[in-house]
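Let's walk through this one as a set of quick questions. Have a look at the fold before reading on.

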Amino acid sequence: MIGLVAFLSCIGLIWAETPFNHRVNNERIIGGSNAIPYTWKWQVSLQYDAPNDGSYYHICGGTIIDALYVMTAAHCILSLTPSAYRVVAGEYNLYEYDGSEQFIIVDRINIHPGWTGDLADGNDIAILRLSEPVYDNGYVAIADMPAPGQILPHDFTCYITGWGLLDFHGSTPDILQVAPINVVEHSVCSQPEWWGSHVLESMVCAGGDGVIAGCQGDSGGPLNCYTGGAWRVHGVVSYGPAGMCNQYKKPTVFTSVSFFMDWIYSGHS
């Protein structure tokens, strides 16, 4: 679910001139391919039960940051009722039961206090406490995090993962998708022909080549980068352009994890 830059209420849509809002059904990576099974073990599917009848469906991605905590985007939170959400860890194929999955109801929702509902204001991050811990069944892992304040260099290759839309026509994947995506430094991404003033120092841009991009359904999921000798989650999918997700000079925008490290760890209470 990628935030729409135009204030649609569609979790996971991407809009292009005004940073988007939320409410999504599915979103997927454009230009990606099927991930190798259980490679990105910290990736989860965040699912929502709107009618409150047990019929959960995927709305966003998320990252396991502790046995009891998952990090996602604030705009993925459509209701403040924790039991309306569940996290599926160890997921690969959304529409098949593989025996690797752990289905865990959310116990508490902690949205960043600076979140206003306007993606342009930033702070698009939330921490979910689970009703029971994720256990190590060989298919899950706790994500490594970046150093506080760490900034990725321009053109550094990271990987975006998720179950978001595959194309502008709304095709959705069964299997977790992955794609390499290059970082666009703030001095470039904040130029008028790119995202301009919609991009803050607390965000990370990646993509904008017109080929690869996050899309609806990818919101809340990780930007995975190999730094400091380990795979670390440097970003949380936040928003992209309205309309076609893979627009030239309109990269996917992520909440910068390194910028919020103090808050993330203070939220473990």
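**Pocket, strands and cavities**

By class, the largest pocket's lining has ten nonpolar, six polar and two charged residues, where Ala, Val, Leu, Ile, Met, Phe, Trp, Tyr, Cys and Pro count as nonpolar, Asp, Glu, Lys and Arg as charged, and the others, Gly among them, as polar. This is a predicted model, so local features need pLDDT of at least 70 and side-chain atom pairs pLDDT 80 or more, while totals for chains, interfaces and linings use all residues. Residues are numbered from 1 along each chain as its sequence is written, and side-chain values use heavy atoms, with hydrogens and water left out.

Q: Which strand gives the largest share of the lining of the largest pocket?
A: A pocket here is an open set of points on a 1 Å grid over the protein atoms alone, where a 1.4 Å probe fits, with protein on both sides within 12 Å along at least five of seven lines; a cavity is a set the probe cannot get out of, and lining residues have an atom within 4 Å of a point. The pocket has 18 lining residues, with Ile-151, Glu-201, Met-203, Val-204 and Ser-256 nearest its centre. Both β10 and β11 (203–206) supply at least two lining residues each. The largest share, three residues, comes from β11.

Q: How much space lies in the largest pocket?
A: A volume is the space filled by probe spheres set on the grid points, which are joined across faces, edges and corners. For the largest pocket that comes to about 280 Å³.

Q: Why is strand β8 largely enclosed by the rest of the structure?
A: Strands (E, at least two residues) and helices (H or I, at least four) are DSSP runs, numbered from the N terminus, and buried means under 20% relative accessible area, exposed over 50%, partly exposed in between (1.4 Å probe, protein chains only). β8 covers residues 126–130. It is largely enclosed because four of its five residues are buried.

Q: Which residue stands opposite Ile-127 in β8?
A: Two strands pair if DSSP finds at least two bridges between them. Strand β5 (residues 69–72) pairs with β8 in the antiparallel sense over four bridges, with Thr-72 opposite Ala-126. Strand β7 (residues 102–111) is also antiparallel to β8, over five bridges. In that pairing, the residue opposite Ile-127 is Asn-110.

Q: Which residue in β12 stands opposite Tyr-159?
A: Strand β9 (residues 157–162) is joined to strand β10 (residues 177–184) by six antiparallel bridges, and there Cys-158 stands opposite Ile-181. β9 also pairs with strand β12 (residues 222–227), antiparallel over two bridges. In β12, the residue opposite Tyr-159 is Asn-224.

Q: What is the volume of the largest cavity?
A: The count comes to two cavities of 30 Å³ or more. Residues lining the largest include Tyr-38, Trp-40, Glu-91 and Tyr-139, and by class its lining has five nonpolar, three polar and two charged residues. Its volume is about 60 Å³.

Q: How many polar residues are in the lining of the second largest cavity?
A: About 30 Å³ of space lies in this cavity. Among its lining residues are Gly-122, Asp-124, Met-203 and Phe-260. By class there are two nonpolar and one charged, and the polar count is five.

Q: What percentage of the 269 residues in the chain is buried?
A: The chain has two helices and 14 strands. Its buried residues make up 58%.
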